[in-house]
Amino acid sequence: MEPGARTFRLEELAAALGLELRGEAGRAIRNVATLEKAGPDDAAFLANPAYRPLLASTEAGAVLMQAEQARHFTGNVLISANPYADWARLIEYLRPQPSQTPGVHASAIIAADAEIGDGVSIGALTAIGSGARIGVNVVIGPGCVIGDGVEIGADSRLVGQVYIDAAARLGRRVVVHPGVVIGSDGFGLAMAQGRWRKVPQIGSVRIGDDCEIGANTTIDRGAIEDTVLAEDVRIDNQVQIAHNVHIGAHTAIAGCVGIAGSTRIGRYCMIAGASGIAGHLEICDSVIITAMSTVLDSIDQPGEYGSGIPARPHGRWKRLLVRLGQLDDWARRLRRVEQSNNKEPTRHD
Amino acid sequence: MEPGARTFRLEELAAALGLELRGEAGRAIRNVATLEKAGPDDAAFLANPAYRPLLASTEAGAVLMQAEQARHFTGNVLISANPYADWARLIEYLRPQPSQTPGVHASAIIAADAEIGDGVSIGALTAIGSGARIGVNVVIGPGCVIGDGVEIGADSRLVGQVYIDAAARLGRRVVVHPGVVIGSDGFGLAMAQGRWRKVPQIGSVRIGDDCEIGANTTIDRGAIEDTVLAEDVRIDNQVQIAHNVHIGAHTAIAGCVGIAGSTRIGRYCMIAGASGIAGHLEICDSVIITAMSTVLDSIDQPGEYGSGIPARPHGRWKRLLVRLGQLDDWARRLRRVEQSNNKEPTRHD
Amino acid sequence: MEPGARTFRLEELAAALGLELRGEAGRAIRNVATLEKAGPDDAAFLANPAYRPLLASTEAGAVLMQAEQARHFTGNVLISANPYADWARLIEYLRPQPSQTPGVHASAIIAADAEIGDGVSIGALTAIGSGARIGVNVVIGPGCVIGDGVEIGADSRLVGQVYIDAAARLGRRVVVHPGVVIGSDGFGLAMAQGRWRKVPQIGSVRIGDDCEIGANTTIDRGAIEDTVLAEDVRIDNQVQIAHNVHIGAHTAIAGCVGIAGSTRIGRYCMIAGASGIAGHLEICDSVIITAMSTVLDSIDQPGEYGSGIPARPHGRWKRLLVRLGQLDDWARRLRRVEQSNNKEPTRHD
């Protein structure tokens, strides 16, 4: 991590971010770092309480954290009610992303009737299809394929090697990472005379403003209507979203999750990594699914749900599997013991 | 979904598809839609009985379904013994896919000795290697890489950004979706002197006629012989098929499934989403694996198998995990109670 | 599998590989094959004892195996203490990979200030960014995107359609398969005022010498510091490695595994397919995780761990799920029976 371009006095940073400063107003801050690695001109942060013990040894020039966490800390503090969000703002301030120079690379292939907005940047070896509409200030990195009729809203960024088809419509400020496929055919098959027949997939995909889609994630087009992500949906890497799925606003989905066809997920849900959600379900708002869970039924109450089993040492796990196989037998044995006990008072009459 | 190009009288549709019509012969049908969204000039369908209640309120101009389902329905009906398959035919009829204009995009890179059949379409920024053979009427979309010696059978379609290597041979009418990798090296490693040594992978991949491969799926080349998909195998998105796997004809594999090396899967199997199948197994014909199951042993009887655990509310699931940890203890306790009861008759003598 | 270019006498092969030969010194060997398919001029191997019965019927010209396994075999044998590793060497010897001709394809787009080492081969339609440094003899296949400032060590091979960004640094002899994304943003999100705020990801990725990364695997850049793979880490297809993860030397990770953020995995670990490892954990050296396990806690003892449940016939599995739901009830019933039995001696006084 190379140092940031500029040096700030700590009081400048506090003022810029609207945070209370406790400590040396004039401390020079040049960069950000972790608590462990930070030096005297680095800002660091503490959000996850598990890392609090690192405060004792950190050499950070300032630590951004909640007042509560800072009580016994003698270094410089930027006090924040929401340290992780303010940390994001601090990085943006201290390490602003270089903006992409607008322009179309000479090797890009743009259909004559594609509409390209002002300030758009299109990278090397990217192809843009007929009738595509690319909003102002959109950045499309190298190696992308944007199919016919696709619409990309203003200020969106397709990082590179992204594939979008089926006349999908993306909102504004959408970020799409490499390897993502949007608008592939859903898995629609009918069996007839002993062979599969493909059911044509003619729906599209709509993605709301401020969504982010992680690397190698796939989002199928709808079968008839659209697959929909509402605004501010955040999706990690290698997630599979099948045809006709609807995902409500502000829902976050971690890596390797699979969501089967026609399922509707509410707003403000959080789906932890590697979970699977079956098709044709309704998941209400504010549901949390814990890691590696299998959701086979609709959920109509907010709250946390799961079925992931924590790994154990092999010997213990093997024995537990044996026990599982015995449960049927145990049910009988337990019943027999109960019956025998219930009969006892009379047996001895 | 834009309307179809033409309008049909309902009796025309019935005749074209060979279906019995119940209702207005002259009703004009222009497009397809879901039961919920269909209007008077849309055809809709009912296959999944869960959606039958929608019949009461649908405004569809006609509904394609089984006679049995249509009994109390007063609207127009196209009667079908296999509604989902006939729905596929209806869409093909009403909304035919525009055929790709043959020709090679100027930006495509085609090896001088590649054989390109008549009627082939090759998209922008696609590379085709030496000795590749592309059959008649094949469509290869933009951004593909087709390696040396690869063969693609007639009428196949590589949608775009597909990677095929290792001199893989694809049959006719194969459809491959974006992000698919066919012919990558299998995971062959030998440990020697404390370091991994790569075992060269020199087999290839053979894919039968009418297979379909979903977005971002990977199919490794065989270690020595070939990885094989027989005809009419249907694979969803993000499926991993390791080296030397054989998949029998008409088997369907849903999203996020992983199949480890050298496993053989029979014909007419159905593997539900996110399941994992270990290596070196034999799965016989007509096996169904339910969602998120772990297959660790060969299966020699057709039927349904599974090990996916449905998610529960967190509190109940945590308690169940505690119970699982107690099973060893319970086994002892149950035995003790039984012994004590068995001794009882003598105890009271 | 086409035959190898040359024919060797068996004694030549034995000498070249430093192996003891038992049998016909002059037997001509032209190619490699499996025990099942090998003919008289093929070499085959036996490593997995499960395949030992095939020795009885193999027609291989020679079999490479341990002396122990060869005892009752009357054919020609190349005796090896480590047959799988020597098999790798034998294939390399008999079927050497054609080396890539150095040179840059005319359609590749190379930034003016990229440093390209001697002997480098760059394929069609590959883009290489500003300040990238490509070591000597590196092979970069077609359709790759190498971002600004990326470094690729000598003798590495990016097979094709690989995406590398975030100024990642790869060591020497690294092999990266198609569809891999290295350096994508980690999943860093803070909730503020009811919306997600993206936490800028400014770390990079470091990959040690001799690593291999399977098709469609994703490796996110670190949030602040780097995501790190030490030397000789071997990763299969469709693996997800989140930001800040550290993986120790010689660890192997099978297909479809997901590793959540900031987890550290030791040296010489083996993670079997489709397992998930939660974030912020420490897994010590020499840990084996069995297939489809969920690792939710740190592990500080070497050994084997798991939680994958083998699939059962559907009826039995459904009953077992019912039993699981009854465990709470059973706990009460078992306690009641025990209490009743404990009271008994007094009841009959």
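**Close-up views of a predicted three-chain model**

**View 1. Domains 1 and 2 of chain A.** The centres of domain 1 and domain 2 of chain A, taken over C-alpha atoms, lie 36 Å apart. The assignment, from an automatic or database source, places domain 1 at 8-94, domain 2 at 103-305 and domain 3 at 315-349 in chain A. The model is predicted: local features need pLDDT of at least 70, side-chain atom pairs count only at pLDDT 80 or more, and totals for chains, interfaces and linings use all residues. Residues are numbered from 1 along each chain as its sequence is written, with chains lettered from A and ligands numbered from 1 in the order written.

**View 2. The side of chain C that touches chain B.** Here 60 residues of chain C are in contact with 58 residues of chain B (C-beta atoms, placed from the backbone, within 7 Å). α2 (83-94), β40 (312-313) and α3 (314-347) of chain C each supply at least two residues of this side; α3(C) gives the most, with 11 residues. Helices (H or I, at least four residues) and strands (E, at least two) are DSSP runs, numbered from the N terminus.

View 3. Gly306(B) is opposite Arg312(C).

**View 4. Helix α1 (residues 10-17) of chain B.** Leu10(B), Leu13(B) and Ala14(B) are its buried residues (20 or more other C-beta atoms within 10 Å of their own, all placed from the backbone). Seen down the axis of α1(B), the buried residues fall within an arc of 100 degrees, so they line one face of the helix; the arc is that of the directions from the helix axis to the C-beta atoms. Among the elements that they pack against are β6 (62-65) and α2 (83-94) of chain B. Gly18(B), which follows α1(B), has a positive phi near 70 degrees.

Terms used
Contact = placed C-beta atoms within 7 Å. Pairing = 2+ DSSP bridges. Buried ≥ 20, exposed ≤ 12 C-beta atoms within 10 Å, placed from the backbone.
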